[in-house]
Amino acid sequence: MRRLYSSFLCLCLLLISCSVLTPTTTPPPGPDPLSTPWEDRSIFKPGLVASEQSVLDELDAASIYHIEFKIADDLYHLTGT
């Protein structure tokens with residue numbers, strides 16, 4: 001009886017967790033990198049320590065790449081630009 005109760009409880013918890021924990025997509029906080037002008041490097045400042053944030057002003061000729069990719073539902077195929 002105790003084993004049956006344990007199995008039933010585990011099954012219930014598994015089913016509840018599968019139905020409740022559905023993944024959701026949320027946009028990243030901050031400005032949209034793909035709508036930011038190419039020459040604007042201000043979106044990178046929050047990722048730098050305060051002592052190095054002034055370096056961005058000195059990088060006028062630095063390359064900037066906008067990369068967009070999609071992962072297929074099978075998690076195996078990847079497409080991007």
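Q: Where is Arg41 found?
A: Arg41 sits in the loop between H1 and S1. Keep in mind that this is a predicted model.

Q: Is Arg41 buried or exposed?
A: Arg41 is buried. Its relative accessible area is 12%, and the cut-off for buried is under 20%.

Q: Which residues is Arg41 in contact with, leaving aside neighbours within four places in sequence?
A: Leu56, Leu59, Asp60, Ala61, Ala62 and Ile64.

Q: And what does the side chain of Arg41 reach at 3.1 Å?
A: The backbone oxygen of Leu59. Leu59 is also on the contact list of Arg41.

Q: How many of the residues count as buried?
A: The protein has 81 residues, and 5% of them count as buried. Arg41 is one of the buried residues.

Q: What about the accessible surface?
A: It comes to about 7800 Å². Carbon and sulfur atoms account for 64% of that surface.

Q: Which residues make the nonpolar surface patch of about 780 Å²?
A: Tyr65, Ile67, Phe69, Ile71, Leu75 and Leu78.

Q: Pick Ile67. Where does it lie?
A: In the loop between helix H1 and strand S1. Arg41 is in the loop between H1 and S1 too.

Q: Why does Ile67 count as exposed?
A: Because its relative accessibility is 62%, and exposed means over 50%.

Q: Last one: what share of contacts join residues at least 24 apart?
A: 21%, among contacts between residues at least 6 apart in sequence.

Conventions: Residues are numbered from 1 along each chain as its sequence is written. This is a predicted model: local features need pLDDT of at least 70, side-chain atom pairs count only at pLDDT 80 or more; totals for chains, interfaces and linings use all residues. Side-chain values use heavy atoms; hydrogens and water are left out. Buried means under 20% relative accessible area, exposed over 50%, partly exposed in between (1.4 Å probe, protein chains only). Contact means heavy atoms within 4.5 Å. Accessible areas come from the Shrake-Rupley method with a 1.4 Å probe; for residues, only the protein chains shown count as cover. Patches are made of residues with over 30% relative accessible area and no salt bridge: like charges are joined within 9 Å, nonpolar side chains (Val, Leu, Ile, Met, Phe, Trp, Tyr) within 5 Å. A salt bridge is a side-chain nitrogen of Lys or Arg within 4 Å of a carboxyl oxygen of Asp or Glu. Helices (H or I, at least four residues) and strands (E, at least two) are DSSP runs, numbered from the N terminus. A polar contact is a pair of N or O atoms within 3.5 Å; within protein, one must be able to donate a hydrogen and the other to accept it, and residues adjacent in sequence count only if both atoms are side-chain atoms.
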